Amino acid sequence: MLSHWNCPPDSLHHLPVHPLWQSPLTIPGGTRQSPINIQWRDSVYDPFLKPLKISYDPATCLHIWNNGYSFLVEFDDSTDRSIIDGGPLENQYRLKQFHFHWGAINDWGSEHTVDCKFYPAELHLVHWNAVVYPTFEEAVMEGDGLAVIGVFLKLGARHEGLQTLVDALPAVKHKDTVIEFDVFDPSCLMPSCPDYWTYAGSLTTPPLTESVTWIIKKQPIEVDEDQLEAFRMLLFTSDGEEEKRMVDNFRPLQPLMNRTVRSSFQ
Ligand SMILES: CCc1cc2c(cc1OS(N)(=O)=O)CC[C@@H]1[C@@H]2CC[C@]2(C)[C@@H](O)CC[C@@H]12
Ligand SMILES: [Zn+2]
């Protein structure tokens, strides 16, 4: 029996459901929810898709914030110094923040799957359409408001660029802690291969708005076990509360409905 999002029922493991998702999992009338399973053979090559252009200024990095759901590395988005352009996008989009989703163990953790395969973690770089909308909060509510680049993390060699971020994580162990983090170039987290899938979707955390053009890189980046363990020692809980490890902070797969996933590669 294939579930409505065409992945076989999760017979081996009963995937954990984060408390945030124990409430109603669906948005009434939602037709373009995320994450989804990307069935490689069903994706459609689109020769008109352009290469994705990424230009980030490391000096726009501001701080790391544990918001009780993930840790966000936030950027100064008051100018067009860190932007993406091209790809499936009509405008350039400004980098606002990046964050990750991961599992308690390496068998799962990513939000998107490829042919029903989970990766241990997934990086999201959140950008907004400052050409058309005056603020990020307004762009969050619009169909072409956001563009999120997704990069899968797989277990392998230590990622030197990620290590500077990993070394800072103990300082944001608890929910609502923030530390200054003022130089970081997220381009170092991009895989070398330019290939990507793209589809129209949503935020995977509240407000779950259907405002995201997703750009999912085909090639994962490699990180080592110690780096994944560093993510898992963060807490969902504030200082003084009973400790709950920040793990399994990914939303369950959502139905594809009437959508096509396009690929930039054949
Ligand atoms: C980490 C998952 C996360 C948090 C947030 C967004 C997006 C997020 O990840 S995801 N997977 O791209 O959906 C976009 C909306 C953001 C929110 C962080 C908190 C806010 C910035 C609010 O203060 C106002 C808009 C909110
Ligand atoms: Zn995310």
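Phe98 stands opposite Leu125 in strand β9. This is a predicted model, in which local features need pLDDT of at least 70, side-chain atom pairs count only at pLDDT 80 or more, and totals for chains, interfaces and linings use all residues. Residues are numbered from 1 along each chain as its sequence is written, chains are lettered from A and ligands numbered from 1 in the order in which they are written, and side-chain values use heavy atoms, with hydrogens and water left out.

- Strand β9 covers residues 121–128. Strands here are DSSP runs of E with at least two residues, helices are runs of H or I with at least four, and both are numbered from the N terminus.
- How many residues of β9 are buried? The count is 8 of its 8 residues. Buried means under 20% relative accessible area, exposed means over 50%, and partly exposed lies in between (1.4 Å probe, protein chains only).
- One side of β9 holds Ala121, Leu123, Leu125 and His127.
- β7 and β9 run antiparallel and are joined by 8 bridges. Two strands pair if DSSP finds at least two bridges between them.
- β9 and β10 also run antiparallel, again with 8 bridges. His127 has Ala147 in β10 as its bridge partner.

**Strand β12 and its neighbours**

- Strand β12 spans residues 196–201. It is mostly covered, with 5 of its 6 residues buried.
- β12 pairs with strand β13 (residues 212–217) in the antiparallel sense, over 6 bridges. Gly201 has Val212 in β13 as its bridge partner.
- β12 also pairs with strand β15 (residues 262–263), antiparallel, over 2 bridges. Here the bridge partner of Thr198 is Arg262.

**Salt bridges**

- Side chains of opposite charge can pair when their charged atoms come close.
- The whole structure holds 9 salt bridges. A salt bridge is a side-chain nitrogen of Lys or Arg within 4 Å of a carboxyl oxygen of Asp or Glu.
- Asp46 and Arg262 form a salt bridge, with the closest N and O atoms 2.7 Å apart. Asp46 lies in the loop between β2 (44–45) and β3 (52–55) and Arg262 lies in strand β15, so the pair ties together parts that are 216 residues apart in sequence.
- Asp46 is buried, at 14% relative accessibility. Arg262 is partly exposed, with a relative accessible area of 30%.
- Arg94 and Asp80 meet through their side chains in a salt bridge of 2.4 Å, N to O. Arg94 is in strand β7 (residues 93–102) and Asp80 is in the loop between β5 (71–75) and β6 (83–86), so this pair ties together parts that are 14 residues apart in sequence.
- Arg94 is buried, at 14% relative accessibility. Asp80 is partly exposed, at 40%.
- Arg232 forms a salt bridge with Glu225, and their closest N and O atoms are 3.2 Å apart. Is Arg232 buried or exposed? Arg232 is buried, with a relative accessible area of 3%. Glu225 counts as partly exposed, at 30% relative accessibility.
- Asp57, Asp76 and Arg81 are joined into one network by salt bridges that share partners.

**A negative patch on the surface**

- Which residues gather in a patch of negative charge on the surface? They are Glu90, Glu137, Glu138, Glu142 and Asp144.
- Patches are made of residues with over 30% relative accessible area and no salt bridge; like charges are joined within 9 Å, and nonpolar side chains (Val, Leu, Ile, Met, Phe, Trp, Tyr) within 5 Å. Accessible areas come from the Shrake-Rupley method with a 1.4 Å probe, and for residues only the protein chains shown count as cover.
- Asp and Glu count as negative and Lys and Arg as positive, while His and the chain ends are not counted. A charge is placed at NZ of Lys, CZ of Arg, CG of Asp or CD of Glu.
- Glu138 sits in helix α1 (residues 136–139). Glu138 is partly exposed, with a relative accessible area of 41%.

**Two buried loop residues**

- Gly145 lies in the loop between α1 and β10 (146–155). Gly145 is buried, with a relative accessible area of 0%.
- Gly145 and Thr213 are 68 residues apart along the chain, and their C-alpha atoms are separated by 8.3 Å.
- His159 is in the loop between β10 and α2 (160–168). His159 counts as buried, at 12% relative accessibility.
- His159 and Cys188 are 29 residues apart in sequence. In space they are 9.3 Å apart, C-alpha to C-alpha.
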